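Please keep the sequence and the structure in view while reading.

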Amino acid sequence: MSASRHTQYEWQWQQLLECTLRDILQSINPLREDWDVRFHMINEIRAVVQSVESLRGATVEPYGSFVSELFTKWGDLDISIELHHGSYITSAGRKHKQSLLVDVLHALRKRGGYRRLQFISNARVPILKLEGRYNISCDISVNNLSGQMKSKMLYWINEIDGRFRDLVLLVKVWANNHRINDSKSGTLNSYCLSLLVVFHFQTLEPPILPPLREIYPGNIIDDLTGLRAAAEKQIEDICGANINRIKADRSRIVNRSTLSELFISFLAKFSDICSRASTQGVSPFSGQMEDIDSVMRWLPKTYALFVIFTPLPPSHYSAHLFYFLHFAANV
């Protein structure tokens with residue numbers, strides 16, 4: 001095959017892939033009714049929580065992909081029951097959270113209309129799982145303010161470049177089809193996949209996203225103290241100011257990669273990283289690979305590769321990436 005014909009073939013193949021990815025995006029993007037049924041489900045659970053005596057004064061607040069707007073039309077819903085003692089940020093012990101979720105479980109059973117109710121008490125964050133009237137799975141936790149802040153951070157990141165959301169959705173579909181988007185089976189949760197896309201965008205030439213420390217240089221969870229409204233506003237103001245500065249920087253070289261180019265390079269990058277997984281990990285905070293031995297915050301080396309999100313404490317790191325790299329290398 002001549003060089004010109006080979007180039008033409010590659011161009012046609014890439015155009016076909018681009019159209020296919022766009023078609024997939026159109027089919028998985030939530031419609032107005034998908035938003036509406038989730039809002040309705042949030043209100044239903046809010047009514048259930050308000051009927052529980054031990055949760056008097058608590059609020060029901062969504063987080064996860066619904067808040068970050070990184071969910072597909074089949075995406076599940078994450079809800080946090082926030083306990084309030086005045087306007088201050090509080091914490092609840094593990095046993096107290098478990099007890100409250102049992103109360104919610106009894107209230108849901110009493111009301112009826114919910115399927116597959118399952119209380120997972122031994123999870124790192126105790127979770128009550130259920131499926132509602134609209135075939136939407138829902139995870140309920142207690143005082144998961146950190147989950148809300150992680151979701152907001154991803155939402156703010158998308159303001160820098162909308163291709164971030166598109167690639168996250170495509171990677172989720174790809175990972176789900178390869179059965180590696182399920183943290184319960186030891187593979188990747190959706191937040192971890194999102195961080196991989198963040199890192200991919202940080203390490204392109206030229207980069208699309210900056211290191212996360214340029215958006216928020218501190219530890220978000222450590223900074224969530226005192227008055228909740230004031231603490232959240234301070235974090236939002238810092239992130240907003242830095243994102244506006246990044247967007248207004250005319251010296252930044254624009255990366256004009258197409259969606260298909262970004263998807264292919266994403267798979268190629270993490271296939272290659274597999275060879276370094278025993279000694280290095282991925283750090284979206286610094287926007288580069290980090291030597292595991294030199295970073296004291298790593299989890300035990302029983303994992304093949306780690307993703308760290310340093311504005312959050314060690315208990316919130318995402319891991320379990322071996323299966324991802326195995327599949328990426330074989331796609």
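## The second largest pocket

In this predicted model, helices α4 (94–111) and α5 (145–158) each contribute at least two residues to the lining of the second largest pocket. The space in the second largest pocket comes to about 450 Å³. Its lining comprises 24 residues, and those closest to the centre are Thr90, Lys97, Asn143, Leu145 and Ser146.

Sorted by class, the lining of the second largest pocket consists of 10 polar, nine nonpolar and five charged residues.

## Strand β5 and its partners

Strand β5 spans residues 137–142 and is mostly covered, with five of its six residues buried. Strand β2 (residues 77–82) runs parallel to β5, and five bridges join the two. Within this pairing, Ile81 has Val142 of β5 as its bridge partner.

Strand β4 (residues 127–131) pairs with β5 in the antiparallel sense, over four bridges. Here Glu131 is bridged to Ser137 in β5.

## Glu61

Glu61 belongs to strand β1 (residues 59–63). Is Glu61 buried or exposed? Its relative accessibility is 15%, so Glu61 counts as buried, the cut-off being under 20%.

The side chain of Glu61 makes a polar contact of 2.7 Å with the side chain of Thr59. Beyond its neighbours within four places in sequence, Glu61 is in contact with Asp78, Ile79, Ser80, Glu82, His84, Gln148 and Arg228.

Conventions. Residues are numbered from 1 along each chain as its sequence is written. This is a predicted model: local features need pLDDT of at least 70, side-chain atom pairs count only at pLDDT 80 or more; totals for chains, interfaces and linings use all residues. Side-chain values use heavy atoms; hydrogens and water are left out. Buried means under 20% relative accessible area, exposed over 50%, partly exposed in between (1.4 Å probe, protein chains only). A polar contact is a pair of N or O atoms within 3.5 Å; within protein, one must be able to donate a hydrogen and the other to accept it, and residues adjacent in sequence count only if both atoms are side-chain atoms. Contact means heavy atoms within 4.5 Å. On a 1 Å grid over the protein atoms alone, a cavity is a set of points where a 1.4 Å probe fits but cannot get out, and a pocket is an open set with protein on both sides within 12 Å along at least five of seven lines; lining residues have an atom within 4 Å of a point. Grid points are joined across faces, edges and corners, and a volume is the space filled by probe spheres set on the points. Ala, Val, Leu, Ile, Met, Phe, Trp, Tyr, Cys and Pro count as nonpolar, Asp, Glu, Lys and Arg as charged, and the others, Gly among them, as polar. Two strands pair if DSSP finds at least two bridges between them.
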